[in-house]
Every structure is written in structure tokens, then in C-alpha cells.
Amino acid sequence: MMPERLLVLSAVLFSIGLYGVLTRRNAVSVLMAIEIMFNGVIIAAIAVSRYVAPAALRANPAATGDAVVQMVLTGQVFAIFIITVAAAEVALGLAIVIAVYRARGTVDVTEVNLLRR
Amino acid sequence: MTARDLYLLSPEIALAGVAILVVILDLLVRSKRVVGAVAFLGLAVPIALTVVLWTSIDSETAVFGTLAVDKFALFFKILVLAIVGVLILGSADYVARFQRYQGEFYALVLFSATGMMLLAATTELISIYISLELTALPLAALAAFLRDERSTEAGIKFLLLSAMSSALLLYGMVLVYGFTGSTQLQEIAGAVAQGDMPFGSYALLAGVTLMVVGFGFKIAMVPFQMWVPDVYEGAPTPITTYLSVASKAAGFAVLLRIFYFALPAVSGDWGTLFAVLSALSMTVGNLVAIAQNNIKRMLAYSTIAHAGYILVGVAAFAARSPGPDGVALGPSGVLFYLAAYAATNLAAFFAIMAIASRTGSEQIDDFAGIARRAPWVAAVLAFAMLSLIGIPPTAGFMGKLYLFNAAVRGDLVWLAVVGVISSVVSAYYYLRVVRVLYLGAAPSEEAIPSSWPVRLALALTGGSILAIGLLPGRLLELGEAAVRIFSLTPQ
């Protein structure tokens, strides 16, 4: 598949996620929407690495060892780091959602507005 | 990872070590004062290592070229460590209310500081992202630390908006990586200068715009500032302080590093963008602050305005001091202002903590007549307000002078004019606090006591405001030495 199509897919996923973040009222749904945004980014990272790696190899045919590994794997390593950190983010997010629920009995973000008054 | 890398990274490793030590001690020792003391005294190790690196190292890269250890990074490391040190002193009384969770509080603050130190040193997109999250996640937990309605609300708002801005930032980073073929800032700079990218400049434009939006959330600039007032008001006051000085300093460090290192070839475009955003931040921050009655909320809007002042220095790319290898005046102004602003804001928040912990209110009107109940604390608060306006002989005056000078030299005279006008507007709400403190009628004449660590922290920060205002030379030299890396990069 062409990297362009993967980039379109990633942009669509990212936009769906962004729409969800801006419109959803339940804090857990907002977290899920953020996850969709991250997934869009991950697909973009993999797609561009499929484009970048061959171009870099063509540009430096003499490269060996670590240099090749760095050229080929950067995008994929990026993706793995995003997955890991996103997991940590959600774990903390759910912990805070539980704290919010205990403090006021709702996780509706439009009702969490004590500070606006 | 070689032994040399370990040496270059020793301040961060030492700081993370202190944080882990605090967690373990917290389990073993019953007295929480000991844990706080260890967290404070342990900072001496990373500070000493950073000073050793400053004197011995000019510019080196570590860990496969992902981290730079240069004077720019070391300047921010010392700044962050100093802020954390004073913060632990100044919030000693406040933290006592956390009772058995004090150890976790100190540990999270130290872990977040580790992230900020790494953030100032990173020269590669993946490490920038990891350091950014290492900074932000402990801060989200800390914002919700009181676990009451307001604090958890601050925590969830900070976490959701920080995660969303991370996603935007990441998308920008991935696009920049895809179209320049590298995550190393140095190589990105080369690819941008050559200009042979797929889809040409539009792709780069999309990536850079998303990154500006992502960082805009982190440094609280207009129009990405809506989380700031809520989070600042609801979070525990020491964390509000920490967010407003240390987290902001680290954000500007990485912003300068990315735009001055990786994208100097398109400086005309992002320079104008930052100039407009800076003018907006100054205007909106100062105008909305006038209407606030809660002092933490007022200072939150003041923070947005100050993000605008600091952005003046980021926008003034063209400003160079005369001479063959002229100092980049914009970034050195940013560094100077961040240090001056840190001293000022720390002093203001420590004074507010000392007063509000006794009166139990953060409304500006309830600060009436405090000057008679706690003359020294009120004097420091009033002095900090003068510094935030930018009245000599304070640190804020020198910082603004330097930044607006950079704007004029960088052909941004209109921005300097906007800055001066909005400073005059800001005098209205800062002086209101001073007036209430000194002329308001106190409900009682009972004196407000404070413990010796808080008094020491107030003296240190108040003294720094005066020292930077009267003798700015030494700090200016440090700042100029730190930004010398920007004049070395090929244009």
C-alpha cells in the first residue's frame, strides 16, 4: 500500500479522535478519544518510516551497521515509545477520573466546573 | 551508553536517585520532616555535578547524539534545581497538611524536575517527547494531590489537555520526521535548508504549525491558555508555583532549541507567527486579569501575559549584538527573563501561601490589612508585584528592558510598543493587591506567624529580585554564554 493512503488514514483517525475530545462529555470517553488520536499518530509514524527508510538507504548506499539500523528503525521506535507513554498516560488518567468520581459522584466533564464560577 | 555518557548525564541520574531515595525513606522513616530534609539536602548532589559540568564542558552530545550537554542545557538545569530547592523550603508549612503522603509529594516533584532537566538538553524529537511526558505526568498527579473537588478538577483538566496537546505535538513531530527524514534537530536543520522535501514547504508548514500548537498548550500562550486559570486555581499552591516557573522555563528551553536549532532557515515565518501570538498573549492575559478576584486566578492570567513577554524574545530571531559573532539577543533575553520571573513568582506565591494558610482565603479582598499582621511577608508580596509590573529597581524591570531591546533590534518595534502598553495596563491589577495589603481595613490584628524555612525562602527570593534588578551583569553574562550555541549554528 502507498504511504500516502496510510497518511490519509492516520489523518482521518486523528480527526475523529480530536472531534471526540472536543464533543464527548464523559471523561472516560475523552480519554478513549485521546487514544484514537495517538493511534492516528502511530499509523503516521509507521507510514512515514516506510517512506523515509528506503529514501535514506538510497541516499547513503555506503552506510553500514548502526547507521542502517538508525535509518530503518527510527519511525518504528517512535511508534513503540508513543504506545508505551500513551499507556502510562491512560493509567494516570483513569486514576484521576476515579478520584474525581469519589470527590463529586460524576465523571461528566461539563459538570466538573466548580472553578468556573 | 558509555562511561562518558554516565558522566554527562550525572545530574539527572543523581536527581532521579534522590527521588527514589525519598520514596524508599518514606516507607522506612516515621518522621516526615526527615523525608523533606533529605529531598532538600539531596539536591546538593545534582547541583554540584551541574556546576562541575558547566566549568569543564563546552558542548558535547551524549547517548547516541540524542542529548546535548552544553551551557544552554546546563543553565536551565541549574535554574530548575534552584527552583525546586527554594520550592521545597517555601512550601514546608503547606506540605504538612498532606500528612502521610508527604514523601510521594516530594518524589513526584523531583521526578518532574528530572524531566525538565532532560527537556532542556534534548536534541532529538523522540527524546523531547519522552522528557515532556516525564515532566507532565507527575505534574498531573500533583495537581490532583489534595483529592478534594477543586484539586481533582484541576488534575483531570491538566491531564486531558496535556494529553491532547501531546497528541497534536506528536503529529507535528511525525510529519516533520517524515518530510525531513530525521528526528535529529541538526539533520532536520540541514534538510530544511536544502529545501528538497516531498510536498515542499506545505508539509513542513503543517508539521511546524502542529508543533507550535502543542507547545502553545505547554507554555500557556493565547489561544491555547484556557486550561491555565482552572488548573492554577484548583491545584495545591506549591504546584501552581511549580507549574508557573519551572515547567514554563523547561517549555521555553525546548521551544528555543527546536526553532533556533532545527528551523533557522524558515525563521521569517515562525518569527512573525510568534510575534503575533506574543502580542495576543500579553493583551488577553493582562486584560482578563483585571476582572479577577481570586489571587491565584489573577496570577494565572498574569502568567499568560508573561508567556507573551517571553515570546517576544523567541520572536526576535534577527536581533544580534554588534560584532562578528554577535550574541543572539532574543534567546539570552528569554533566559534572563525566565530567571527573573522565577524569583518574582516564587516570592509572590510563597507570600500568598504564608498568608492564605492562616486566613484560609485566596480572595484578594481578604488580604486587606495584612501589612499590619505580617509586615515582612506583605513587603515581599508587594515587592514581587512591583517586579511583575516591571518597575525599577526590580528583576522584572531589567528583564523587560532586555527583551524589548531585543525586539527593537530585531525589527519588531511594534511588538515592543504593545509590550510596554500592556505592562502599563497590568499595573492596575498588580497595584490593586498592594493597595489592599497596605490600605485595606484588617478584620483582626492577630499576627500571622510563619516557620523559618518559609521565612528563609521569602528572604532568598525577595533578595534575588533585588539582586537581579540592581546587579544584572553576572546573570546576563551567564545567559549570553548559554546562548552562544545559537550563534555557532550555520545560518
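By buried area I mean the accessible area, taken with a 1.4 Å probe, that two parts lose on being put together, summed over both. Please bear in mind throughout that this is a predicted model. Between chain B and chain A, the buried area is about 3,800 Å², and carbon and sulfur atoms give 77% of that. The contact draws 44 residues from chain A and 40 residues from chain B.

How many salt bridges are counted between chain B and chain A? The count is 1. Its partners are Glu153(B) and Arg104(A), whose closest N and O atoms are 3.1 Å apart. Glu153(B) belongs to helix H9 of chain B and Arg104(A) to helix H3 of chain A, so this pair joins two chains. Glu153(B) and Arg104(A) are both buried.

On the chain B side, helices H8 (125-143), H9 (149-180) and H12 (227-234) each supply at least two of the residues that touch chain A. The largest share, 21 residues, comes from H9(B).

Within it, Asp230(B) and Arg297(B) meet at 3.2 Å, N to O. This pair links distant parts of the chain, with Asp230(B) in helix H12 and Arg297(B) in helix H15 (residues 295-315) of chain B, 67 residues apart. Asp230(B) is buried at 1% relative accessibility, and Arg297(B) is buried at 11%.

Over all chains, the structure holds 16 salt bridges. One of them pairs Asp108(A) with Arg25(A), at 3.2 Å between the closest N and O atoms. Asp108(A) lies in the segment after helix H3 (66-104) and Arg25(A) in the loop between helices H1 (3-23) and H2 (27-59) of chain A, so the pair ties together parts 83 residues apart in sequence. Is Asp108(A) buried or exposed? At 14% relative accessibility, Asp108(A) counts as buried, whereas Arg25(A), at 47%, counts as partly exposed.

Finally, a word on helix H5 of chain B, residues 71-90. Of its 20 residues, 18 are buried, so H5(B) is largely enclosed by the rest of the structure.

Methods:
Residues numbered from 1 in each chain as written. Chains lettered and ligands numbered in written order. Predicted model: local features only at pLDDT ≥ 70, side-chain atom pairs only at ≥ 80, totals over all residues. Heavy atoms only, no water. Contact = heavy atoms within 4.5 Å. Salt bridge = Lys/Arg side-chain N within 4 Å of Asp/Glu carboxyl O. Helix = DSSP H or I, 4+ residues; strand = E, 2+ residues; numbered from the N terminus. Buried < 20%, exposed > 50% of the residue type's maximum accessible area, 1.4 Å probe, protein only.
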